[in-house]
Structures are given as C-alpha cells and as structure tokens.
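Here are some comments for a colleague who is opening this structure for the first time.

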Amino acid sequence: MKAILVKEGKSLVWDNVSDPVIKPDEVLVKIEYAALNRADLMQREGDYPPPPGCPEWMGLEISGTIIGCGDGLPADCTLKVGDKVCALLGGGGYAEYVAVKYDMCMPIPDGCSMVEAAAIPEAFATAYLNLFMEGNIKACDTLLMHAGASGLASVVIPMAKAFGVRVITSVLSDEIADSISHLGADVIINSSKERVADVLKAQLDAGHPVDVAIDCLGGEHMGECLPYLSHGARWIMIAALAGIKTEIDLKNIYVRNVRIIGSTLRSRTPEVKAQILKNLVDNVWPKVASGAVKPTIYKVLPITQAEKAHDLLYAGKNIGKVVLKVCE
C-alpha cells in the first residue's frame with residue numbers, strides 16, 4: 001500500500017510501505033479520509049513520536065470501511081466487514097489502509113458525512129476528555145477556549161454549548177471573529193485589540209467568572225488571566241503555542257483553589273481512550289445527529305497534497321479542520 005512518509009528536508013512523499021497485518025483484536029480499515037491535527041506537525045518535526053507499535057507515518061483520526069476482522073474480537077463486538085466507521089489512531093492515518101484495535105472504532109453518527117466523520121475521533125475525544133473528565137464542566141458554567149478558529153475549538157465550542165455551557169473564546173482579528181460566529185460562543189475576544197485578562201476581569205466583575213479554561217497557547221498572558229477565575233476553577237494546558245513560560249501569583253492559586261492541569265489525549269492508556277470513545281457514542285452522538293454538534297471542515301485536499309495541507313496549519317489559515325481524501 002501507500003502512505004505519506006517524511007523524507008529528507010522533512011518533505012512529505014506518497015510512497016510504498018508494507019501492508020498492515022491485523023492482530024486478533026483488530027480490524028482492517030480501508031481509509032477514505034484522514035483529518036489533520038497539530039500533533040501531525042509536531043511529529044513531522046520530530047517532537048511527537050508515535051506510541052510503540054504504531055506506524056511511523058502520521059494520522060490520528062480517519063473514516064473508512066472495515067474490510068477485514070481479526071479472529072479474536074470479543075463476543076460483544078458488533079463490528080463486521082462492510083461497516084462504515086471512524087477511528088482514533090496512535091498513528092498511521094495518512095495511508096490507504098490501517099489496522100486498528102476494535103474499541104478505537106466508532107460508528108458514523110447519523111446525518112454525518114464521511115468527511116465530517118474523519119474530523120471527529122481525535123478532536124471530539126480531546127474535547128470530551130478536557131471538558132467533562134478533566135474539567136468536570138456543568139451546565140451554566142463558563143468556559144474559556146483559546147484559539148477559537150482552531151480545529152479543536154470548532155468542536156469544543158459547539159459541544160460545550162450543546163450541554164448548556166457559557167463560552168468565551170479568543171481570536172486574532174475581527175475577520176476571524178466573524179468567521180467563527182456560527183459556533184455560538186457568547187463572548188469572542190479579539191486579542192489584537194484587547195487583553196484577554198482585562199476581558200476576564202470584566203466578566204468576573206459581571207458575575208461570569210471562568211470555571212474551566214482549555215489553553216493551547218500558554219505564554220506570558222496565561223499567568224495574567226489566573227486571578228480572574230472562579231473559586232475552584234480548572235485551567236487545562238494542552239499545548240504552549242505562544243510560549244512555555246509564564247509568571248504565576250501562587251497565593252492566588254491556593255486562595256482561590258485554582259487547579260492547573262496538564263492534559264494530552266495521546267498519553268492516555270488504551271483503556272481510558274476506549275472509555276472516552278464509548279462516552280462519545282453514548283452522550284455526544286445524539287447531539288451530532290440532531291445537528292447541535294458538528295465539526296467545521298475548512299478544506300479537503302487529496303492525500304498527495306499533504307504538504308499543502310500542512311502549510312495551512314503552519315500558517316494558521318484554517319478555520320476548522322483540514323481533511324485529506326485518501327480514496328473512495
């Protein structure tokens with residue numbers, strides 16, 4: 001089969017690789033679409049290696065059709081050849097085929113296209129993990145989701161809204177703010193015109209302090225925001241695109257009982273990931289079927305244009321998810 005390999009100069013090449021061999025508890029999926037994530041860029045740069053046993057090529061979430069099943073699937077597994085699925089991978093999605101453990105597959109939600117389905121597993125699992133398992137968010141809480149134009153935010157914001165959460169998000173321009181208005185955030189901060197910390201202080205004074213923050217930016221402004229959270233707030237760090245250092249008032253942390261939580265989906269055990277996916281199907285799939293939660297697709301490109309797709313993420317030009325079309 002073929003897959004996207006990182007070659008000399010970190011170029012991406014659609015090249016021949018060995019066919020996957022399925023284990024007894026795996027299924028073989030013919031991939032139709034693979035969605036991009038920033039983790040793919042990190043892996044390409046050599047900073048985010050795949051877990052042991054996973055293919056060397058990138059790709060964390062796919063949609064496709066099951067074309068083979070291992071002989072050791074549990075009795076309660078309903079997967080069969082011909083099923084359309086989306087799947088969460090440790091790697092290997094930028095390819096024609098992938099072998100994946102049965103409990104990393106999910107059915108396609110009703111009313112969801114295969115393109116949209118490819119953009120679900122990684123982003124929805126990350127959103128669910130940080131909103132509900134790490135953040136313990138509840139209806140009427142206030143969420144701060146940074147980088148409102150990102151693929152993850154395009155899922156987190158509507159998912160939070162569908163469960164009755166008030167949402168504040170940050171963007172870099174009025175143009176971007178307009179482009180994400182359909183996501184339904186209650187407050188959109190243009191950080192090129194106003195400091196996020198000033199807006200959070202105003203929200204606190206108005207009785208709407210942030211209960212949960214999902215932060216992929218970090219940097220010096222992270223510490224400036226912490227004094228304006230609710231008592232017992234959870235600030236969840238998932239990346240540090242704006243810098244790895246900040247200054248924190250430690251007294252504010254213990255007086256307000258603020259918790260700073262580091263969180264990545266990839267580091268979770270297979271058992272935890274399987275539980276997250278089960279929770280998605282049980283709790284979120286009805287919201288997807290109703291149209292309350294859907295991934296925002298920015299652009300679909302052929303797999304042979306993977307470099308062009310990566311360039312969109314490097315430049316921060318995408319409003320929502322970029323997806324690669326692998327095969328019909």
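1. A salt bridge is here a side-chain nitrogen of Lys or Arg within 4 Å of a carboxyl oxygen of Asp or Glu. With that in mind, please note that this is a predicted model, that it holds 14 salt bridges, and that Arg195, Asp198 and Glu224 are linked by such bridges in a network.

2. Lys193 is paired with Asp174 in a salt bridge whose closest N and O atoms are 2.5 Å apart. Because Lys193 lies in the loop between β10 (187-190) and α6 (196-205), while Asp174 belongs to helix α5 (residues 174-179), the pair ties together parts that are 19 residues apart in sequence. Lys193 counts as exposed, at 63% relative accessibility, whereas Asp174, at 37%, counts as partly exposed.

3. Glu134 and Arg268 also form a salt bridge, with 2.9 Å between the closest N and O atoms. This pair links distant parts of the chain, 134 residues apart, since Glu134 sits in helix α3 and Arg268 in the loop between β13 (259-262) and α9. Glu134 is partly exposed, its relative accessible area being 22%.

4. How do the axes of helix α3 (residues 121-134) and helix α9 (residues 270-289) cross? They come within 10 Å and cross at roughly 95 degrees, and angles of 65 to 115 degrees count as roughly perpendicular, so α3 and α9 are roughly perpendicular to each other.

5. Where these helices meet, residues of α3 including Phe124, Tyr128 and Met133 contact residues of α9, among them Ile276, Leu280 and Trp285. By class, this contact has eleven nonpolar, two polar and no charged residues.

Methods: Residues are numbered from 1 along each chain as its sequence is written. This is a predicted model: local features need pLDDT of at least 70, side-chain atom pairs count only at pLDDT 80 or more; totals for chains, interfaces and linings use all residues. Side-chain values use heavy atoms; hydrogens and water are left out. Axes are lines fitted to C-alpha atoms, for helices over the stretch in contact, and angles run from 0 to 180 degrees between N-to-C directions. Helices (H or I, at least four residues) and strands (E, at least two) are DSSP runs, numbered from the N terminus. Angles under 35 degrees count as roughly parallel, over 145 as roughly antiparallel, 65 to 115 as roughly perpendicular and the rest as oblique. Contact means heavy atoms within 4.5 Å. Ala, Val, Leu, Ile, Met, Phe, Trp, Tyr, Cys and Pro count as nonpolar, Asp, Glu, Lys and Arg as charged, and the others, Gly among them, as polar. Buried means under 20% relative accessible area, exposed over 50%, partly exposed in between (1.4 Å probe, protein chains only).
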